[in-house]
Amino acid sequence: MSWSDFAIIVLACSATMLICRVVPVFALKGRKLPDGAVRLLNLIPPATFAALITNDLFKPDALSAGIWPSAIPFIAAALVFVVGYKTKSLVWCIVVGVASYALLMFVS
Amino acid sequence: MDMTAFKEGLKSALPIMAGYVVLGLPCGLLCQQAGMDWVMVLIMSAIFYSGAGQYMIPNMWLAGGPIISIIASVTLVNTRQMLYGASLSRFCEQSSKAATFLFGATVTDESFGVNLARFENGNWDVKRATVVNLCSQTSWALSCVAGTLIGGLVSVPTAIASFAMTSIFICLLCMQKVNATNVITVLCAVMGVCICKVTGLSGPAILLGALIGMAAGYVYSSVIKRKEHA
């Protein structure tokens with residue numbers, strides 16, 4: 001990644017991040033958001049996280065590498081889902097996810 | 001600087017700081033694999049400061065995604081921060097503009113959770129909450145830089161480092177409420193991404209899939225609301 005590509009991506013992402021972080025704190029000051037906006041904002045996390053996970057796991061041409069290698073991410077993800085649901089802990093999810101993924105890759 | 005405020009903030013930040021070491025190391029590794037050096041990673045951690053976002057940028061870059069689609073997808077994920085700001089604004093009424101800005105600009109998923117609980121219990125202020133945020137950010141930045149430097153010395157398969165990101169997203173999804181609206185939103189987002197990728201639209205798949213899921217969830221929750229009022 002060149003410095004110019006880095007600058008464009010990181011400055012743009014930082015600008016939208018700063019707006020999302022700071023504007024509501026100043027704009028609201030105790031007042032409430034309209035109901036429709038709250039409902040829409042509440043939908044962003046489940047929708048984006050589901051989309052990101054699917055994008056990581058679902059690779060249309062992965063089966064050409066064989067059934068076992070293409071099953072590894074799904075098995076590891078299933079384990080992380082169980083751990084995430086039980087513990088809600090980011091640290092445990094990373095440890096279990098990365099360790100099971102590496103182990104499955106190693107035994108295959 | 002008021003030492004008791006600093007000590008109390010630091011004490012509350014310690015669990016987050018430990019978590020960010022585990023979170024930051026693979027992120028730094030991934031950034032190194034995407035061709036960033038430690039100076040870039042330090043700058044990114046200082047001005048952008050987002051776990052999910054700092055994983056997405058190198059990962060989408062390695063996948064060859066166009067710059068505009070990286071920015072759009074990261075921005076969509078950034079928008080969840082508006083909920084945190086909206087929820088924390090009521091505690092900032094007595095603080096100066098500069099203090100409110102610094103506090104608001106350094107909120108993350110984890111520090112939001114810790115600070116909200118403290119604010120609601122009372123005996124907590126923006127100064128202490130900002131100490132929590134800045135201590136967490138310091139731990140994050142140092143861990144990411146360490147990961148980048150380690151990445152230059154040992155080779156870790158990209159697939160393993162990037163699965164740390166998938167694990168984070170799975171955990172964040174598990175933290176969402178389980179109700180009919182969210183289930184519909186998730187299922188439609190999953191279908192949307194799959195359809196996009198099968199039809200060759202893998203660049204904007206995340207953005208389109210998430211928007212399809214949100215649209216479905218919004219329509220469903222509107223119908224339910226209308227029925228309740230009828």
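Modeller: Let us begin with burial: a residue counts as buried if 20 or more other C-beta atoms lie within 10 Å of its own. By that criterion, buried residues make up 50% of the 230 residues in chain B; please keep in mind that this is a predicted model.

Colleague: How many residues of chain B are in contact with chain A?

Modeller: A contact requires C-beta atoms within 7 Å, and 74 residues of chain B are in contact with 58 residues of chain A. The largest share of that side of chain B, twelve residues, comes from helix H9 (residues 158-174) of chain B. The residues on this side divide into 48 nonpolar, 22 polar and four charged.

Colleague: How do you know that the span of helix H3 of chain A is close to the expected one?

Modeller: The expected span is 1.5 Å times one less than the number of residues; H3(A), residues 67-87, has 21 residues and reaches 30 Å from its first C-alpha to its last, so the span is close to the 30 Å expected. Among the buried residues of H3(A) are A:Ile72, A:Pro73 and A:Val80, and what covers the buried residues of this helix includes helices H2 and H4 of chain A together with H9 of chain B. Just after H3(A), A:Lys88 takes a positive phi of about 55°.

Colleague: Where does the kink in H2(A) lie?

Modeller: The kink lies at A:Ile44, shortly before the proline A:Pro45, and amounts to about 30°, which is the angle between axes fitted to the seven residues ending there and the seven starting there.

Colleague: What makes the largest nonpolar core a core, and which residues have the most contacts inside it?

Modeller: Such a core is a set of buried nonpolar residues joined through C-beta atoms within 7 Å, and the largest has 96 residues, with A:Ala50, A:Cys93, B:Ile168, B:Phe169, B:Ile170 and B:Ala189 having the most contacts inside it. H9(B) gives the most to this core, eleven residues.

Key: Residues are numbered from 1 along each chain as its sequence is written. Chains are lettered from A and ligands numbered from 1 in the order in which they are written. This is a predicted model: local features need pLDDT of at least 70, side-chain atom pairs count only at pLDDT 80 or more; totals for chains, interfaces and linings use all residues. A residue is buried if 20 or more other C-beta atoms lie within 10 Å of its own, exposed if 12 or fewer, and partly exposed in between; C-beta atoms are placed from the backbone. Two residues are in contact if their C-beta atoms, placed from the backbone, lie within 7 Å. Helices (H or I, at least four residues) and strands (E, at least two) are DSSP runs, numbered from the N terminus. Ala, Val, Leu, Ile, Met, Phe, Trp, Tyr, Cys and Pro count as nonpolar, Asp, Glu, Lys and Arg as charged, and the others, Gly among them, as polar.
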